[in-house]
Every structure is written in C-alpha cells, then in structure tokens.
Amino acid sequence: MTSLNHARPVAWRMGVFLFLVALVLTWRANALRMDNVLTQKNDQLGYYEYLPALVVPQDWADLPYAISLGFHRTVDIFTSGVALLQAPFFGLACAVAKISGQPVDGYSPPFIFARFAASAFYMAAASVLLFLGLRRNHPSRVAVLVPLILFGATNLYFYTLFDPGMSHVYAYALFAWMYYLTVRMVEKPRSDRLVGLLVVAAWIILVRPLNVLVLLFPLLYGAGPKEAIRQRISWVVRYPWATLAGLALAMCVWLPQLLYWKHSTGSWLVFTYGLDGQGFDWLHPHLLDVLVSHQNGWFVYTPLMALVMGTLLWGALRNRPGARLILAIWTLVWYSYASWWCWWLGGGFGFRGFVEYYALLALPLAWILQRLIQQRRAVQEVAFIGIALLIFLNMRISQIYQWPWEGPTWNWDSVGDAWVRALFG
C-alpha cells in the first residue's frame, strides 16, 4: 500500500508536466492560424458553438454551423458533451476578456487560449487517471510510460495539439476516468465511485453517441458476464441513494442537449446525422480499409497499434484479465465505423475513431512494457530506440499534415512521400 500511496505524487507531477508541455506545443502548432482556430466552419465549431451562444444574443434554432430544417430553423448535428467539458475554461476566458477589455464573444484571444488549455488539461488528466489505474497492477515506470507513449506515438498527439476542438481528446479523458473508476469499483466498491460511473457513462454518450459501446467495460469488467452482472446489481442494491444521485446527475448532464433538440426540432431525441442523410451500411463494412487503407488506415498512420492489437489478441487467447472484453468492445466499434458511409471519417490525421479507445488499449501496451522490462538490457535498449523512433515519426508527420489527405488524388505514393518527408524533412 505504501508504494501505491507514493504513486499519487508521481501522477500529479506527470500531469502538470504534460499539461504545460501540451499547452505550449498546442500554441505553437496553431500559431499561424489564430484567426480561424475557433471560427473555421468544421466539426470543431459544431462542438463549440453552444458556448458562444450563451454570451452573445443568438437564436438557438439558427446556430452558425448547422444543417437547415427549413423555415429559418437549423440543428447542430454535434452534441454538446464537448462544450460542457470546455465550459470551465470558457468561463475563465469570459472573465479574462472582460477584465482586459476584449470582446466577450467566445472568439477573441482569451477564448482561443482557453481552447488550448482545455485540450491540454484533458489529455493530462487522462494520463493521470490511466497511471493511477494501471499502477494497481504494474510498476510505476510502466504506469508512467504507457500514457506518455500513447500521447507521443499515436494520433492522440495530433488531436490534442493540432485539432484541439475535436471530440477525441475529451472522450479520451472520459474513457480514462471510466477505466479508473471501474478498476477501483471492482477492487473496492464505494458510493461515490458508483455516482461517478453513472455520470461518466452519460457524458461519454453525450460527447459521441457511438461510444455507448464502451459502456460494456464498466458493465462486465472483472468477472465472467453472469457474475459481473450480479455484482453490478449488488452495487445498486447496496447503494440505492448513490444510484439515484448518479442518475439525477447524469440527467443534468443530458438536460441542456434535450432542451436544445426540443427547441430546434420539436423532438426530445434526435439522430442528427440521419437528418443530414448519413448512415450505416451494415452489410458492406470496410473492415480492412479501416486498418490498412491509404485513406487514414489505422495501422498505416499509427503503426504502434498493430503491435498493441497483436498483444491484445494474444492476451485474449490466453484469457488475460480484461483482454477478451476489450477485444470484443474494439471489434464492435471497428465493425460500426467500417459500416459508416464515410468509413475513413473524413479529413483528419489517421483513423481518429479509435483515439478515445486508447484508454482501454493502455492495458495491452502495459503488458508489452511489463514484459520488456524483464528482458536483457540490450533488448530493452533496442525496443526503446524503436519506441523513440515511432514517437519522432508521429510528431513529424503530424506536423507536416495538410488537409485533406484523402480522396481520389491521395494514394499510396502520397503516403510514401509523406513518410519520406517525415523521416528526412
């Protein structure tokens, strides 16, 4: 227990370090486009525009980045979960803008800085939570390295620094919170942890509805399906008031979204992507394309994950704790995205739909590192040189990315040219 108590100072120091580094790097990454960081009409504005509408007179049925419903009414197809997570930083920006005499409009410089701070904070917070969760079963050096490698060697780096308004880093933080609460709840049930699980479950869905699939993790982790369900029922029976409080808070998280949908469309629940003619083709999924296509193929742009998924499959075959559940969740998510009409998920760096799931894939990455630290020094040195090279390449190719790396003109020659530029400048 002593070593676990000592882990908390390590976690906080790591969190502060990552926050400051990410904040500076995000500022530098966006230095040449400060004029449109918040105003460019893309997905990031769709997630964010709920907040400026709170401080500037705005018809909620006619937000600037939304699809038309006719009769001067529109609806934002992006849900408000990201905006709620950005809200504390937005509030601070309002205060700074007012004190400094700048426009309190949601788009002036203090609000740009708030966007950067929010992204950096949630990435750092996720890293702290992953460390604390992994530290239950792994040495501190493994628990520290896992979030650092996930940040540096995957497209989490890109979606923290270069596209800080997208949903992925925020969802990643929620997934990490869910992972930590689940591990601790299975280990030692407590009423406050149950409340937290109910709230984070609601928030995960509000940020990105397809992420409902990840809730299989808190539902089934730690035991066989039947035993796990019985255990979860026992939590509800044991903590009825915490269950009610958690459900009430979860409803509070969702209430603004429900009110917005009711005001804009007349319905309390809306599949907004359906309003825009988007949907799934469940009979013709692009399973291999998601993994290895030149258009955002996951393993092509984040090669570390090929090793991680191989390790997860190995762990599932040997029934390592959590492996089969994580593999099942990932497979459902993989099939769902592969069936989406835009299976490559549009302009972006790599396959962004899996970014938040790195919070679960932290477990097989920890198994790799755990095995690695048991090897001879020469093997460790070679492996860490390889990891360092992956981090360098990921940072370089993130830096040179220019939208859009997709479409008929983007092919394997284009991918090869991009990697050559990343390697040699």
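Guide: A salt bridge is a side-chain nitrogen of Lys or Arg within 4 Å of a carboxyl oxygen of Asp or Glu. This is a predicted model, in which local features need pLDDT of at least 70 and side-chain atom pairs count only at pLDDT 80 or more, while totals for chains, interfaces and linings use all residues. Residues are numbered from 1 along each chain as its sequence is written, and side-chain values use heavy atoms, with hydrogens and water left out.

Visitor: What makes arginine 184 and glutamate 187 a salt bridge?

Guide: Their closest N and O atoms are 2.2 Å apart, and the limit is 4 Å, so the pair qualifies. Both residues lie in helix H8 (residues 168–187), three residues apart, about one turn of the helix; a helix here is a DSSP run of H or I of at least four residues, numbered from the N terminus.

Visitor: Why is arginine 184 called buried?

Guide: Buried means under 20% relative accessible area, exposed over 50%, and partly exposed in between (1.4 Å probe, protein chains only). Arginine 184 has 10% relative accessibility, so it counts as buried. Glutamate 187 has 42%, so it counts as partly exposed.

Visitor: Which residues are linked with Arg184 in a network of salt bridges?

Guide: Arg136 and Glu187 are linked with Arg184 in that network.

Visitor: How do you know that glutamate 381 and arginine 377 meet in a salt bridge?

Guide: The N to O distance is 3.3 Å, and the rule asks for within 4 Å, so the pair counts. Arginine 377 has 65% relative accessibility and therefore counts as exposed, whereas glutamate 381, at 41%, counts as partly exposed.

How values were computed. Helices (H or I, at least four residues) and strands (E, at least two) are DSSP runs, numbered from the N terminus.
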